[in-house]
Amino acid sequence: MAGINISNIQHFSVGDGDGIRTTVFMKGCNLRCPWCHNPENLTAAPVTLHYKATGRSETLGRSVGLDELLSELLEDRDFYSSSGGGVTFSGGEAMLYAKELLPLVRALRDEGVSVLIDTAGCVPYSQFEKLNPFVSGYLFDLKTADPKKYREIGGDLELVCENLRRLREEGIRLCIRIPLIPDFNCDGESVEAICRALSDIGIDTVELLPFHRLGSAKYEAMGLDYAYKKREPLTREELIAIEGRYKKFFKTKIEK
């Protein structure tokens with residue numbers, strides 16, 4: 001198997017799907033969300049982070065052979081089987097690597113390991129068709145139902161919704177995740193638009209991901225400006241109000 005560019009492998013992850021999982025973070029993304037908490041994965045090339053407070057530096061990004069990666073992922077198979085977990089490919093945008101991931105995902109399936117793909121879905125459906133027969137499903141982020149706002153972050157709302165519709169029609173398991181971003185998609189009008197768009201597709205369950213600033217130190221270490229560095233997370237009262245709007249349409253879960 002050929003190599004693939006990654007920034008990190010996180011073992012014993014519990015936030016990227018069912019059970020205990022190993023999450024592989026792929027490098028490279030075709031969106032530019034200003035709130036992104038993994039800025040090191042915006043480019044496929046390695047990046048070096050310099051932390052001024054400690055004087056420490058680290059370079060994130062390496063090409064790993066798929067045979068080597070498969071071997072490491074299978075080391076955790078006992079945890080997968082005992083917890084109902086598996087492997088999640090995240091990013092960046094994992095679907096940019098659909099062709100390269102295909103032999104690895106197929107091999108994991110043949111070994112009885114569940115595979116989930118974390119994606120924003122802004123790729124041609126032909127990329128999904130490569131992986132659909134071998135994955136357990138997709139963690140699918142929907143950022144907004146406003147076409148203009150999607151274009152501002154480099155995306156295409158029509159493409160995203162069409163991909164969701166086709167995946168659902170094919171019976172592919174979907175976990176729809178909505179990042180709750182202040183001043184972007186948390187007002188009543190934005191929420192209502194997202195609810196209508198997903199309801200029209202036939203979605204009945206969503207997971208809400210509250211905004212946080214955990215990636216802010218990475219921006220500084222990379223010499224980048226973080227547009228949300230002064231934006232406070234949503235208050236408990238704001239989260240309750242937003243969740244209430246979604247509950248009118250869907251079963252909901254809020255990431256803790």
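Biologist: How many disulfides does the count come to here?

Modeller: This is a predicted model, and in it the count of disulfides comes to zero.

Biologist: Is Cys 195 buried or exposed?

Modeller: Cys 195 is buried, with a relative accessible area of 0%, and Cys 186 is buried as well, with a value of 11%.

Biologist: Switching to helices, which residues of α1 are buried?

Modeller: In helix α1, which covers residues 66–74, the buried ones are Leu 66, Leu 69, Leu 70, Leu 73 and Leu 74. If you look down the axis of α1, these buried residues fall within an arc of 130°, so they line one face of the helix.

Biologist: Why would residues a few places apart point the same way?

Modeller: An α-helix has 3.6 residues a turn, so residues three or four places apart point the same way.

Biologist: And what covers the buried residues of α1?

Modeller: The elements covering them include the strands β1, β2, β5 and β6, together with the helices α2 and α3.

Biologist: OK, the core next: which residues touch the most other members of the largest nonpolar core?

Modeller: That core has 79 residues, and the ones that touch the most other members are Phe 89, Leu 108, Ile 117, Leu 198 and Tyr 246. Leaving aside its neighbours within four places in sequence, Phe 89 is in contact with several residues, including Val 24, Leu 73, Leu 104 and Asp 118. There is also a second, separate core of five residues, among them Val 47, Tyr 51, Leu 60 and Ala 221.

Biologist: How many salt bridges does a search of the whole structure find?

Modeller: The search finds 15 salt bridges. One of them joins Asp 18 and Arg 173, whose closest N and O atoms are 2.5 Å apart. Asp 18 lies in the loop between β1 and β2, while Arg 173 lies in the loop between α6 and β9, so the pair ties together parts that are 155 residues apart in sequence.

Biologist: Is Asp 18 buried or partly exposed?

Modeller: Asp 18 is partly exposed, with a relative accessible area of 40%, and Arg 173 is partly exposed at 41%.

Biologist: What about Arg 177 and Asp 141?

Modeller: Their side chains meet in a salt bridge, at 3.6 Å from N to O, and this pair links strand β9, which holds Arg 177, with strand β8, which holds Asp 141. Arg 177 counts as buried at 5% relative accessibility, and Asp 141 is buried at 11%.

How values were computed
Residues numbered from 1 in each chain as written. Predicted model: local features only at pLDDT ≥ 70, side-chain atom pairs only at ≥ 80, totals over all residues. Heavy atoms only, no water. Buried < 20%, exposed > 50% of the residue type's maximum accessible area, 1.4 Å probe, protein only. Helix = DSSP H or I, 4+ residues; strand = E, 2+ residues; numbered from the N terminus. Arc of directions from axis to C-beta. Contact = heavy atoms within 4.5 Å. Core = buried A, V, L, I, M, F, W, Y, C linked by side-chain atoms within 4.5 Å. Disulfide = S-S within 2.5 Å. Salt bridge = Lys/Arg side-chain N within 4 Å of Asp/Glu carboxyl O.
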